[in-house]
Amino acid sequence: MAFDGVTIANIIKELNDTITGGRIYKIAQPEADELLLTIKVNGGQKRLFLSAGASLPLAYLTQTNKPSPLTAPSFCMLLRKHLQNARITGITQPGLERILQIEMEHLNELGDLCSKKLIVEIMGKHSNIIFVNEENTIIDSIKHISGMVSSVREVLPGRPYFIPTTQEKENPLAVDRETFIQTIHKKTMPVHKALYNAYTGLSPLLSQEICFRAKLDGDYSTASLGENHLNRLADAFFDIMDAVKSGCFQPNIVYEHAAPIEFAALTLTMYTEEERCAFDSISMLLEQYYAQKNAVTRIRQKSVDLRKIVQTALERNVKKYDLQLKQMKDTEKKDKYKVYGELLNTYGYGVEPGAKSMTALNYYTNEEIVIPLDPMLTPSENAKKYFDKYNKLKRTYEALSDLTVEVKAQIEHLESVSTSLDIAQAEEDLVQIKEELIESGYIRRKGGSKKVKITSRPFHYISSDGFHIYVGKNNYQNEELTFKTASGNDWWFHAKGIPGSHVIVKSGGEELPDHTFEEAARLAAYYSKAKGQDKVEIDYTEKRNIKKTNGGKPGFVIYHTNYSMSIDSDISKIALWKEE
C-alpha cells in the first residue's frame, strides 16, 4: 500500500472541495490517537476521520460514526474549547510531505477573530495530530514527544512547531527537468529506489509505476541509464507531477484474487485493467481498502490459537508418517528372506560345515543367487533365522499398512482444517472449525460446556447464467452441502487431490451452460489450497456419483466417475448472492 504524499495531495483536494468553508459542529476522540470531526457544510454535514495510530495513520471522509468514551480526553476537551463552531478556511500540504494542515478561524472569549491550525502528520510510528496557534507555537498534541524520546524535535505545549528535515530530499513539485536528470544519474542504486530516496512524497510503489511508464526496469542501476532512458524517466516523472499539480487524481485499488493488495491516488498502469478497480473518491477508497484489510487482519489474529493447534498436530503426524514410510521401505526385504529360507531348506543339504555363503538356483526367477550364511549355524538353523526375519517384517508390514493409512487420513484432515482457517472470514466461521477440532479430539471441551450454536453459513454465489452456487467454508459445511443440500442431478466441484471446499451448483433439472461450469470451477480453485495458482485442476461430476468414505472424516468423499478441467482461481467477476 502507498499512503504517500500523492495520496495526501488527493485527500487535500477532496477536503478542500467538500469541507472548506464549513464549520466544526462536533469534536470526538473515539480512541487515544483518533479524532472524528463533524463539519456542517451547505446541504448537510461531513465527518472527517483522523488517526495518528502508529500502525495505521489515516485521514479521510467517512459516513460512519464511532462511539466515544463517556469522559472526553483532555486533548478533545481543549479542541472543543477553541474550535467549536470554528470555520475551516483552507487545507494545505507543505510540498509533497505526508502532512495535512487544516487552517481555521474562530472567535476567542473577547470576540476577536483568531487563526489556528490542526496539523496531521502521517508518518508511520512518528504520526501525530498537533494543534498550533497563528505564531506556529504548539498549544497541544494528541501525542507528547519529549527530548527523551526524540533528539530531532520536541512536540510539547509551548514549543515552536516545525517540520523535521531528517532526510535530504527535494520537493518533487518544484524540481526542473535538468536538475531531476542530474540528481537521478548521480545516485548509484536501483532506479525506483533513487526516485523515492531523492524526492519527498514518493513511495516505492509510485516509484515503480514511474519506471513502468518510462518502460524501464525499476531494479536496474541508475549507472546503466543512457540519455534516452533518463529522458523517458523524466517524461514519466513530470507527467505524474503535472497530474498532482492539476488535481487530476484517479484513485484505484489493485486486487489479487478478490483481495486488495495495493492502492494509489493515480492509476497503477503496471497492473491490468482487470486487476484494478477505480473509485470516484479517495475517501471511499481508503475506507473500503482498510475495512477489507482490517477484516482479514482481525480474523487472522482470532484464529492464531486454532492455527497453532492444527500446525502442531500436523507437524507431529507428518513426522510420524515419514518414519512409518521409512519402516515400510525396510520391510521390502521380507520376501527376499523368505526365498532364502525356502532355498536353504531345499538345497542346504549340500552346504559344507562352516560355509559363509551358498549359491543356489532361485526357482521363482530361474536366476542364481548367493545366500549369506552364518558359519556357526547349520543350513536348517540359517533357514530358520531367515524365516524369523521374514515373519517379523511381515508383521511390521501388516501393522504399518493400517497405521500409515490412518496417519495419512489424519494429515489430510488437518490440512483440510488449515485450509478452512484460511477461508474463514468471520468469528462464527471459526466457531464451527473449533467445534470440529473438539469432536476430532484435538481440543478438549471445557467441563460442563455445551455444544455451541452454529451460525456460520456457506458462501452463496449466483452464476452469470442465474444458477445458484454454494461453497462450503469448512468440512461440516462441505458434508451438509454435498449430502443434504444437493440433489442427484446437481453438480459437484472440488480441486483435484488437494484440500478445498465442496462447490455445489443447483441445476434445477436444467443443463448447465459452459460459463456456469467455468465459474463453479473457479470457485473450487479459489477456495482451495491452490488459491493463487494460474492453473488448478478441478474434478466435477453430478452429485449422484459422490459417496461418503466408510468411517471417514466429515467432508471426505470418493467418486469414480468425473470430468476434469484446468482453470485459474480468479473469482472477481462472480457475484455473491444478496439474501433478502
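# Exercises on a predicted model

In the loop between H5 and helix H6 (227-246) lies Gly226, a residue of a structure that is a predicted model.

**Exercise 1. Decide whether Gly226 is buried, partly exposed or exposed, and state what separation its C-alpha atom has from that of Leu110.**

Solution. Begin with the accessibility: Gly226 has a relative value of 27%, and since buried means under 20% and exposed means over 50%, Gly226 counts as partly exposed. Then turn to the distance, where the C-alpha atoms of Gly226 and Leu110 are separated by 65 Å, while the two residues stand 116 residues apart along the chain.

**Exercise 2. Describe how helix H5 packs against H4 and against H6, and classify each arrangement.**

Solution. Take the pair of H4 (residues 191-198) and H5 (residues 204-213), whose axes are 8 Å apart and which pack at an angle of about 125°. Angles of 65 to 115 degrees count as roughly perpendicular and those over 145 as roughly antiparallel, so H4 and H5 are oblique to each other. Their crossing is right-handed.

Continue with H5 and H6, which pack at an angle of about 125° with their axes 8 Å apart. The crossing in which H5 passes H6 is right-handed.

**Exercise 3. State how many aromatic pairs the model has, and then classify the pair formed by Tyr461 and Tyr527.**

Solution. The count comes to 26 aromatic pairs. For Tyr461 and Tyr527, the ring centres are 6.4 Å apart and the planes stand at 55°. Planes under 30 degrees apart count as stacked and those over 60 as edge-to-face, so this pair of Tyr461 and Tyr527 is tilted.

Finally, check the accessibility: Tyr461 is buried, with a relative accessible area of 4%, and Tyr527 is buried, with a relative accessible area of 4%.

**Exercise 4. Classify the pair of Phe493 and Tyr540, and name the aromatic cluster that includes Phe493 and Tyr540.**

Solution. The ring centres of Phe493 and Tyr540 are 5.3 Å apart and their planes stand at 10°, so the pair is stacked. In the chain, Phe493 is in strand E17 (residues 491-495) and Tyr540 in strand E19, 47 residues apart, and the pair links distant parts of the chain. Phe493 is buried, with a relative accessible area of 0%, and Tyr540, at 13% relative accessibility, counts as buried as well. The cluster is formed by Trp491, Phe493, Phe517, Tyr540 and Tyr563.

**Exercise 5. Find which ring lies under the charged end of Lys389, and which ring face Lys473 lies over.**

Solution. The charged end of Lys389 sits over the ring of Tyr337, at 5.2 Å from its centre. Lys473, in turn, lies over the face of Phe459, 4.8 Å from the ring centre.

**Exercise 6. State how many disulfides are counted, and decide whether Cys211 and Cys277 are buried or partly exposed.**

Solution. The count comes to zero disulfides. As for accessibility, Cys211 has a relative accessible area of 0% and is therefore buried, whereas Cys277 has 32% relative accessibility and counts as partly exposed.

How values were computed
Residues are numbered from 1 along each chain as its sequence is written. This is a predicted model: local features need pLDDT of at least 70, side-chain atom pairs count only at pLDDT 80 or more; totals for chains, interfaces and linings use all residues. Side-chain values use heavy atoms; hydrogens and water are left out. Rings of Phe, Tyr and Trp (its six-membered ring) pair if their centres lie within 6.5 Å; planes under 30 degrees apart count as stacked, over 60 as edge-to-face and the rest as tilted. Buried means under 20% relative accessible area, exposed over 50%, partly exposed in between (1.4 Å probe, protein chains only). Helices (H or I, at least four residues) and strands (E, at least two) are DSSP runs, numbered from the N terminus. A charge sits over a ring if NZ of Lys or CZ of Arg is within 6 Å of the ring centre and within 35 degrees of the ring normal. A disulfide is a pair of cysteine sulfur atoms within 2.5 Å. Axes are lines fitted to C-alpha atoms, for helices over the stretch in contact, and angles run from 0 to 180 degrees between N-to-C directions. Angles under 35 degrees count as roughly parallel, over 145 as roughly antiparallel, 65 to 115 as roughly perpendicular and the rest as oblique. A crossing is left-handed if the near helix is turned anticlockwise from the far one by less than a right angle, and right-handed if clockwise.
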